[in-house]
Amino acid sequence: MSRSPSPPDWLDRLPHRRWLEQEAQRLLDFSKPSRVSDGFVALDSRGRVPPGAVADTVITARMTHCYALAALQGIPGAEALVAHGVAALNGPLRDTVNGGWWATAAGGGRKFAYLHAFVALGACSAVAAGAEGAEALLAEAAKVLETRFWSEEEGVLRESFASDWSGEEDYRGANSNMHGVEAMLALADIAGQPFWRDRALRVAERLIHGAARANGYRLPEHYGRDWSPIPDYNIDRPWDDLRPFGTTPGHAMEWAHLLLKLEAALLRQGAALPAWLLSDAVALFDTAVADGWAADDLPGLVYTLDWAGRPSIANRAHWVQAEAVVAAATLHRRTGELRFETWYRRLWDYIDLTLIDRQAGGWLHEVDAAGNPTERIYRGKADLYHAYQALLAPVLPLAPCYAAALVELPAPRDPFRP
């Protein structure tokens with residue numbers, strides 16, 4: 001008896017690509033009401049602006065990034081939203097006295113590398129989309145990352161400072177540096193500053209090939225300023241949305257695809273390729289699904305695990321599943337291994353049946369183990385960054401960065417033009 005042929009990859013099928021496009025458009029439309037006078041805000045679970053909401057700089061930067069990618073695809077309405085985001089980041093969200101950006105339009109507070117990495121990413125994408133004022137925004141964002149946050153001695157980003165750049169925090173974080181790597185790859189491609197690509201490699205080598213590999217690819221997220229791990233950090237606040245206790249499978253997924261994008265970026269430049277970029281990416285993915293998928297015998301990747309490998313916070317965050325989709329697609333493209341395509345399908349099935357909100361719109365940002373909506377970690381539907389990139393990344397090359405890749409995509413050939 002002959003064996004049945006393996007079903008074709010989803011990404012080779014036009015209906016699947018069409019589904020990705022349609023879901024991406026649905027998310028773009030859902031998020032448009034988040035525009036307010038000073039930038040963009042987090043929407044509530046029904047897609048409305050909460051009373052008294054103040055423009056948030058991270059959300060504004062991420063919305064600017066996403067709508068810039070949409071503008072580069074020729075999607076109507078996107079260019080105006082990019083222009084709005086750039087104007088907000090150049091205006092009310094920026095500290096014109098001390099430099100850098102506030103967390104919100106209300107001003108004040110500390111200045112974090114995490115936030116500034118997203119400002120740089122949004123600026124890069126806005127430049128690629130041709131937005132007015134984006135070049136100046138990018139120049140300022142790159143300057144602040146270079147002069148305030150980058151530590152040449154450590155090969156990482158410093159974490160945070162007081163508003164006047166005094167009082168450096170005695171903490172080093174993997175999360176901020178992970179998003180720093182994303183921004184660095186974009187800076188190398190869009191700003192024409194290749195040294196950021198080399199810095200991205202240094203960050204990845206310290207945190208992944210060093211710390212994560214030494215810990216069985218379960219990345220310690222929190223460190224002292226001397227780079228000593230702090231394993232019980234936030235043990236009394238395990239629900240923290242940016243610095244949770246324990247290990248975070250979703251961050252392993254983000255690192256996995258960032259390592260492969262870094263590898264592809266180095267290849268485009270003819271640079272030497274460290275073999276560990278691929279092997280570590282595979283190990284991160286395999287460890288994350290082994291530890292985090294159905295850790296409580298129900299589908300979905302949990303938010304965090306304790307140091308014994310048990311679920312610390314078993315709720316499922318939408319961004320964790322979205323980043324796992326990108327990692328599965330990227331690893332499948334890089335290796336050709338069927339098991340990654342199988343995970344790609346499994347993850348999209350979970351997202352479709354559990355997280356896509358076909359009544360109120362958008363995606364549920366958090367559900368419990370049984371798939372019921374909850375807001376223990378995240379309130380409302382903050383922005384479309386993770387979900388939108390999960391819909392876009394599978395059909396784009398691994399390098400250059402998303403915005404540059406969309407610029408490079410060939411337009412349909414017109415037979416009446418040479």
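Contact here means heavy atoms within 4.5 Å.

**View 1. The whole chain, a predicted model.** This is a predicted model: local features need pLDDT of at least 70, side-chain atom pairs count only at pLDDT 80 or more, and totals for chains, interfaces and linings use all residues. Residues are numbered from 1 along each chain as its sequence is written, and side-chain values use heavy atoms, with hydrogens and water left out. Of the contacts in the protein chain between residues at least 6 apart in sequence, 66% join residues at least 24 apart. The chain holds 13 helices and twelve strands. Both are DSSP runs numbered from the N terminus: helices are H or I with at least four residues, strands are E with at least two. The radius of gyration is 20 Å, close to the 22 Å that the globule rule gives for 418 residues, so the chain is as compact as a globular protein of that length. That radius is taken over C-alpha atoms, and the rule is 2.2 Å times the number of residues to the power 0.38. The C-alpha trace spans about 75 × 65 × 50 Å along its principal axes. Buried residues account for 56% of the 418. Buried means under 20% relative accessible area, exposed over 50%, partly exposed in between (1.4 Å probe, protein chains only).

**View 2. Cysteines without a bond.** The whole structure has zero disulfides; a disulfide is a pair of cysteine sulfur atoms within 2.5 Å. For Cys66, the closest cysteine sulfur is in Cys401, 13 Å away and too far for a bond. Cys66 counts as buried, at 0% relative accessibility. Cys401 is in no disulfide either; its nearest cysteine sulfur, that of Cys124, is 6.6 Å away. Cys401 also counts as buried, at 15%.

View 3. Most residues other than glycine have a negative phi, and most peptide bonds are trans. The bond from Ala399 to Pro400 is cis, with omega near 5 degrees. Pro400 sits in the loop between α12 (385-392) and α13 (402-408).

**View 4. Trp165, a positive phi.** Trp165 is not a glycine, yet its phi is about 75 degrees. Its loop runs between β6 (160-161) and β7 (172-173). At 10% relative accessibility, Trp165 counts as buried.

**View 5. Trp227, a positive phi.** Phi of Trp227 is near 70 degrees, again positive in a residue other than glycine. Trp227 lies in the loop between β8 (222-223) and α8 (249-268). Its relative accessibility is 14%, so Trp227 counts as buried.
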